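Take the points in order and find each spot as you go.

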Amino acid sequence: MIDAGQIVAAFNDVASTKNLSPEEVHDLLKDGIMAGLSRIHGPNVQAEITIDDASGELGIVLLRRVVEEVEDPSSEISLEEARWDDDGFEVGDVMEIPVDFADFGRNAVMAVKQRIVQRVRENERDRIRDEYADRVGELLSGEVQQIERGKIVVMLNRSPDADAIIPWKDQNPRERFRQGDPIRCVLKKVEETPKGPRLVLSRAAPIFVGSLFYLEVPEIHQGIVDIKEIAREVGGRTKIAVYSRDESIDPVGACVGLRGSRVQAVVQELGGERIDIVPWHAEPEVFARRALAPARVSKVMSDPERQVITAIVDEDQLSLAIGRNGQNVRLASQLIGWQIDLYGSREWLELGADLSLFKRESDDDAFETSDFALAELELTPETLSSLERAGYRTFLQIIDFDRAAFLEVEGLEETEADQLLALIDELTVVADDAGAESEGGAESVGYSEEGQDESGVEASTEEATDEVVASEDDEVSDPEGQAAAELDDEEDGGSTTGDSDASDDDEASDTEAEDVAAAEDENEAHA
């Protein structure tokens with residue numbers, strides 16, 4: 001005899017362990033009983049099954065149609081056989097035959113069990129597929145169940161029966177797990193197998209880092225700070241670009257946390273992996289400069305058609321920009337999505353580059369783009385409200401607007417449009433204008449250098465003239481002493497020519513007198 005209490009307890013046990021509702025349990029049991037009846041009576045058997053939850057009683061009634069000649073014994077009965085119980089049966093009537101579940105044989109009971117187990121597994125697979133199909137990229141927690149052939153089998157906390165694994169390629173080579181260790185990983189994909197859906201987990205995907213920051217940083221969870229891009233080399237280094245929707249919140253500081261508490265929690269989960277957090281920017285050149293941090297970039301040039309960034313750094317920053325085995329520049333290229341060609345200043349100049357272009361980078365740094373709220377400008381409340389209703393709250397959102405674009409904004413008139421255009425002209429610097437100013441400065445410097453050269457030539461000429469005059473003054477200052485010295489030299493040089501020497505002395509005295517007179521005239525002229 002069947003114990004109804006045991007049947008009710010079994011129903012409740014199945015419903016609790018498999019997360020099934022009472023209606024689903026009834027459907028499973030009815031389907032199993034139908035499988036047992038098919039094993040006994042045939043594949044086309046028809047029956048009515050009722051289940052009483054309170055008492056646990058099962059009501060099974062076979063339904064067979066009355067016919068003249070039986071073609072399908074599983075669903076039909078002859079008129080003669082039907083009239084054995086009731087003479088009122090006619091052809092076309094349906095005869096109800098009650099069946100006791102205790103009359104089921106071993107084969108029928110095994111068929112009921114197999115069908116119920118099969119339906120439970122199918123429902124479980126469908127539930128797992130529906131639950132996790134839309135959760136790709138989310139962080140899941142569980143326990144290491146076993147490690148086989150390099151892959152880690154995980155038993156998830158929410159779905160212990162789910163088939164979840166971490167393949168070798170999605171593991172961090174610096175990490176080691178043992179059976180029973182708690183583990184957190186991100187759902188990479190849901191793949192179909194002959195045994196049902198399989199959850200492929202990962203601790204090496206870049207999105208795993210983003211999920212950890214999503215868990216640690218409340219601003220990311222609230223949608224104030226966005227993670228724009230992530231580039232990662234597992235076990236080595238990760239670069240993450242963040243952007244803040246609220247100008248009063250620093251995205252980098254929010255991710256770092258007080259004394260680095262938030263980022264340290266992520267680093268510990270990653271096994272000591274280095275993390276670089278940089279502010280995201282829409283301009284590729286500015287974004288590339290930030291992505292190459294901690295190296296300081298001297299010059300950045302872009303080629304939008306080929307999506308190539310050319311970055312030039314000083315020689316002392318070159319090794320820092322390249323990183324270990326090229327890791328820093330490689331991650332920066334993955335972060336911005338462009339190819340980065342990195343040059344040292346010496347190599348760049350050896351290639352025939354313009355030196356002035358390289359040196360002007362210090363001036364370009366002064367014009368780096370920065371955004372701020374429109375409320376900081378001297379605008380009327382009506383103008384601010386009109387722009388906010390149109391969705392414009394920061395200066396960079398309207399920096400490229402012209403007069404027609406402002407007039408399309410509801411609530412702005414020509415006066416407000418002119419005022420906004422004037423503010424944009426005042427607060428922005430056009431690259432061509434800056435270049436023209438620098439060229440004009442170079443020309444003015446050239447003119448001043450030319451003036452300095454002319455003045456220098458004039459000064460040197462005057463100095464040479466003064467030296468000539470000074471030498472003549474020295475000669476004229478003592479003509480008598482000079483003449484006496486010359487006479488002494490002549491007396492020493494020759495004593496045999498007495499008469500000729502006397503005549504020579506007379507001529508010398510006349511010449512000296514003439515020289516003295518000429519020197520006095522020159523001194524008076526210079527004076």
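1. Start with the rings. Tyr392, Phe401 and Phe406 come together as one aromatic cluster. Keep in mind as you look that this is a predicted model. Across the whole structure there are 4 aromatic pairs. One of them joins Tyr343 and Trp348, with 5.4 Å from centre to centre and 55° between the planes, so it goes down as tilted: stacked would need under 30 degrees and edge-to-face over 60. Is Trp348 buried or exposed? Trp348 is buried, because its relative accessibility is 14% and the cut-off for buried is under 20%.

2. Another ring deserves a look, this time for its charged partner. Lys228 sits over the face of Trp280, 4.9 Å from the ring centre.

3. Now for the salt bridges, which number 25. Take Asp31 and Arg115, whose side chains meet at 2.8 Å, N to O. Asp31 is buried at 19% relative accessible area, while Arg115 is partly exposed at 31%.

4. A second bridge links Glu219 with Arg262, and here the closest N and O atoms are 3.0 Å apart. Which helices does the pair tie together? Glu219 is in helix α6 (residues 218-221) and Arg262 is in helix α8 (residues 261-269), so parts 43 residues apart in sequence are joined. Glu219 counts as buried, at 17% relative accessibility. Arg262 is partly exposed, with 22%.

5. Then try Arg306 and Asp303, which form a salt bridge at 2.8 Å, N to O. Arg306 is exposed at 58% relative accessibility, whereas Asp303 is partly exposed at 23%.

6. Which residues are linked in a network here? The members are Arg127, Glu131, Arg135, Glu138 and Arg158.

7. Next, helix packing. Two packed helices are described by the angle between their axes and by how far apart those axes are. Helix α5 (residues 206-216) and α8 have axes that come within 10 Å and cross at roughly 140°. That makes α5 oblique to α8, since an angle has to be over 145 degrees to count as roughly antiparallel. The crossing of α5 past α8 is right-handed.

8. Finish with the backbone. Where is Pro294? Look in the loop between α9 (284-291) and β13 (297-303). The peptide bond joining Ala293 and Pro294 is cis, with omega about 10°.

9. Arg149 is exposed, at 88% relative accessibility. Gln307 counts as partly exposed, because its relative accessibility is 40% and exposed means over 50%.

Technical notes:
Residues numbered from 1 in each chain as written. Predicted model: local features only at pLDDT ≥ 70, side-chain atom pairs only at ≥ 80, totals over all residues. Heavy atoms only, no water. Phe/Tyr/Trp six-rings, centres within 6.5 Å; stacked < 30°, edge-to-face > 60°. Buried < 20%, exposed > 50% of the residue type's maximum accessible area, 1.4 Å probe, protein only. Lys NZ or Arg CZ within 6 Å of the ring centre and 35° of its normal. Salt bridge = Lys/Arg side-chain N within 4 Å of Asp/Glu carboxyl O. Helix = DSSP H or I, 4+ residues; strand = E, 2+ residues; numbered from the N terminus. Axes fitted to C-alpha atoms, helices over the stretch in contact; angles between N-to-C directions. Parallel < 35°, antiparallel > 145°, perpendicular 65-115°, else oblique. Left-handed = near helix turned anticlockwise from the far one by under 90°.
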